[in-house]
Amino acid sequence: MRKLLLGDEAIAQGALDAGLSGVYAYPGTPSTEITEYIQLSPLARERGVHSRWSTNEKTAMEEALGMSFMGKRALVCMKHVGMNVCADPFVNSGMTGVNGGVVVLVADDPSMHSSQDEQDSRFYGKFAMVPTFEPSSQQEAYDMMSVAFDYSERVCLPVLMRVTTRMAHSRAVVEVKSEPRQENELNYQAVAANWVLLPANARKRNDKVTAQQRELEEDAAASTYNIYVEGHDHQLGIIASGIGFNYVNECFPEGSPYPILKISQYPLPRKLVRRMMAECSEVLIVEEGQPFIEDIVRGVGDSTAIHGKLNGTLPRTGELNPDVVKKAFAKISTLKSQFSNLDECFAPCEDVAPRPPALCQGCGHRDVYAALNEVLKEYDNPRVFGDIGCYTLGFLPPFRAIHSCVDMGASITMAKGAADAGQWPAVAVIGDSTFTHSGMTGLLDAINENADITVIISDNLTTGMTGGQDSAGTNKFEAICRGLGLSDEHLRVVVPLPKNMPEITQAIRDEINYHGTSVIIPRRECMQTLQRHLKAKKLKS
C-alpha cells in the first residue's frame, strides 16, 4: 500500500506497523506531527496505543523506559533542545539497557526555524554509546522504525533516530506494510541488577556497553543503510549522511561519477571510511548539522584532502540544500569547471520582503504585555525575563517587553537570580505549558526564599506555539502554586482583555510593590484554538 506522508508521518506509521505500544512526547517543532499522527490513527485507537502528551521530555523518556521494562515497544519524540531536558534518563538508559525496544526520535532544526540553537543530536548518541540511525528519505524513515525496534531488542540498547526539519516536514510517497506487527506481550525478563544503577551494578553495565561498541560499529559497516556506491572517477570521494545524500544525488541527475559513501547508521563505520580514503584523492563530507562525521574522519587519517564544514567548503551554520552543495563542489579545484556560474543561478530574490512573526490579533498575550509595559514605565531599570512560547514574540515591536529568553523554564529562575543580585523590579513571564514543563521547580526555589519577584503565568489554556496541543496543567495552576507554598494573598487571576486593563495594571503594580514572591495568572483561551472549538461546536449543532 502506498501513502503520501510527511517524514514525521512516515516515522509514526513505521512505529505503529512495528508493533508500538506507546509514544511519549512533549510537542516541539519539527517533531510534533509524529505524536499527532499516532493520536489520530485508527490502528492506535483500536489497539489502545498510549499517545497522550507528557509534561516534558524527561518524563517522556522515563515513561518509555517503564514501558520497555515491561517488555513492550515505546517511542520517545522531541526536538533537539528537548534532548537536553531528557539527557539524564537518556544517557542512563544506555547503562540500564532495554527489555522492550525503545526508539528515541529527535528532530534537529538547522537554520533555527523555530529554535534557540542548531544543536546536532548525533553527539548524544556517541556520548551515550547507543546506536544512531539517520534516514535519508521518507521511505527509509518508515522502514527504519521496524529495523530500529528489532535492533534495540537484539543489542538491548535504546536506539537514537535523528532527522532534520526538511526530512520531518517534506512529503513523499511511501510503501507501507499491509499487515502491522502485533504488539509485544508483557514479560518479566528485565533484570533488576541492570536497572538499579547502584555503582556496583552500573560498573558492570558500563564495561558491557563499552565492550559492545566494536560490535555496533561492525553492524553499521554491514548495514543495508550504509552504502558504498561505486564511481569511476576517484579524484573525489563523497561521504553523505541522512538527507545530505539526497542533496548530493540532486547535483548529479545522471548519476555521480564519484564514489559515494552513504551514512545512515552509527557508530561511524571506519572500515568503509578507510576504503574511501584509500581509493580517492580528495573527500567531501556532506552532513546536515555540525561536522560530526568530519571530526571523526579527520582522525581516521590525514593522507587525503578532506573538504567539508571545517575548511569552509560547506557553511558551518544553517541548513544545507542542493544549491549549497553545488557551490561546495565548485570550491573544489578539480570540479570548478563542472559547477561554474553558480552565483548567478542562485542569487537571492530581492523582491521578497521579510515577514517576521507576530502575536495573533486578539491574543491575550498582547493585553498582558500592554499592561506590563504601562506599569513598568513607573520604575527605573525594570527587567523582564521571558520564556519559550509564542509570547516570546513580545520581544519584537510593538511591545519590546522582554529582556531574555534562554530555555524552557528559565524565566522564573533568571528573575530569581537577578533579584538575588539586587535587581528590582524583576518580572518573569512564562506560559502555561512551559510552566508545567520546567517552571514549577524554579517557582519552588523562589517561594522557599521569598524572592522579590513577580511571576506572570500567561495562561491561554493550550500549548499554543506548536499548534494547540493539550497543556498538562490546564485548570490546575492555582492549586499548583498553593501546593508549592504560595499564599492566596499574592496569587491573582485576571482576564486579559482591553476592558480589564485598569484591573490588570493594578494587579501588576501591587505585586511588584510587594517585596516577595507573587504570581499573576492572566487567563484567556488562545485565539487559534478558540476558533477551532467554535467551528466544531457549530458543526455539531
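Predicted model: local features only at pLDDT ≥ 70, side-chain atom pairs only at ≥ 80, totals over all residues.
1. **Helix α11, length.** Helix α11 runs over residues 199-222 and has 24 residues. Its first and last C-alpha atoms lie 35 Å apart. That is close to the 34 Å expected at 1.5 Å a residue.

2. **Helix α11, bend.** The helix is bent by about 30°. The bend sits at Gln213.

3. **Helix α11, buried face and cover.** The buried residues of α11 are Asn201, Ala202, Arg205, Val209, Gln212, Leu216 and Ala220. What covers these residues? The cover includes the helices α6 (87-96), α8 (138-155) and α10 (192-195). Strand β11 (265-266) is also part of it.

4. **Asp233, setting.** Asp233 lies in the loop between β8 (227-229) and β9 (236-241). Leaving aside residues up to four places away in sequence, Asp233 touches Pro257, Tyr258 and Pro259.

5. **Asp233, charge.** Asp233 is buried but has no salt bridge. Which side chain of opposite charge is nearest to Asp233? It is Arg275, 15 Å away. The Asp233 side chain does reach the backbone nitrogen of Gln235, at 2.9 Å.

6. **Lys416.** This lysine is in helix α18, residues 410-420. Why does Lys416 count as buried? Its relative accessibility is 8%, and buried means under 20%. Its contacts, not counting residues up to four places away in sequence, are Asp445, Ala446, Glu449, Ala451 and Ile453.

Note on methods: Residues numbered from 1 in each chain as written. Heavy atoms only, no water. Helix = DSSP H or I, 4+ residues; strand = E, 2+ residues; numbered from the N terminus. Expected span 1.5 Å × (residues − 1). Bend = angle between axes of the 7 residues up to and from the residue. Buried < 20%, exposed > 50% of the residue type's maximum accessible area, 1.4 Å probe, protein only. Contact = heavy atoms within 4.5 Å. Lys, Arg positive; Asp, Glu negative; His and termini not counted. Salt bridge = Lys/Arg side-chain N within 4 Å of Asp/Glu carboxyl O. Polar contact = N/O pair within 3.5 Å; in protein donor to acceptor, adjacent residues only side chain to side chain.
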